[in-house]
Amino acid sequence: MKTETLQVKGMSCGHCVSSVESAVKEAGGAAKVDLSAGQVTVEFDEAKLSLQSIKEAIEEQGYDVV
């Protein structure tokens with residue numbers, strides 16, 4: 001399993017946290033959101049899922065991965 005921390009802009013509430021965590025889970029990974037820091041720590045199996053796919057799943061929810 002690989003772990004990466006992403007900077008994500010546009011998150012401001014509990015609904016945002018839920019949306020991001022759900023999007024990453026649906027893509028096949030796991031996410032932990034630090035709302036105050038604007039960070040999302042993702043854990044995923046590189047053999048099954050790419051970091052780019054995770055970024056796209058988050059961006060599809062309306063947030064910016066920087």
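Student: In which sense do strand 1 and strand 3 pair, and over how many bridges?

Tutor: Strand 1 (residues 2–9) and strand 3 run antiparallel to each other, with 6 bridges between them. Two strands count as paired if DSSP finds at least two bridges between them. Helices (H or I, at least four residues) and strands (E, at least two) are DSSP runs, numbered from the N terminus. Bear in mind that this is a predicted model, where local features need pLDDT of at least 70 and side-chain atom pairs count only at pLDDT 80 or more, while totals for chains, interfaces and linings use all residues. Residues are numbered from 1 along each chain as its sequence is written, and side-chain values use heavy atoms, leaving out hydrogens and water.

Student: Which residue of strand 3 is the bridge partner of T3?

Tutor: Look for E43 in strand 3: that is the partner of T3. Strand 1 also pairs with strand 4 (residues 64–65), again in the antiparallel sense, over 2 bridges. There, K9 has D64 as its bridge partner.

Student: Now the helices. Which residues of helix 1 are buried?

Tutor: Buried means under 20% relative accessible area, exposed over 50%, and partly exposed in between (1.4 Å probe, protein chains only). In helix 1 the buried residues are C16, V17, S19, V20, A23 and V24. Viewed down the axis of helix 1, they fall within an arc of 165 degrees, so they line one face of the helix. That arc is taken from the directions from the helix axis to the C-beta atoms. G14, H15, K25 and E26 are exposed on the other side of helix 1.

Student: What covers the buried residues of helix 1?

Tutor: Contact means heavy atoms within 4.5 Å. The cover includes strand 2 (30–34), strand 3 (39–44) and helix 2 (51–60).

Student: Why does S19 count as buried?

Tutor: Its relative accessibility is 12%, so S19 counts as buried. Leaving aside residues up to four places away in sequence, S19 touches Q61 and Y63. S19 and Y63 are 44 residues apart in sequence, yet 9.8 Å apart in space, C-alpha to C-alpha.

Student: And which residues are buried in helix 2?

Tutor: They are I54, A57 and I58. Seen down the axis of helix 2, these lie within an arc of 95 degrees, so they line one face of the helix. They pack against strand 1, helix 1, strand 3 and strand 4.

Student: What follows helix 2?

Tutor: G62 does, with a positive phi near 100 degrees. Just after helix 1, G28 has a positive phi of about 115 degrees.
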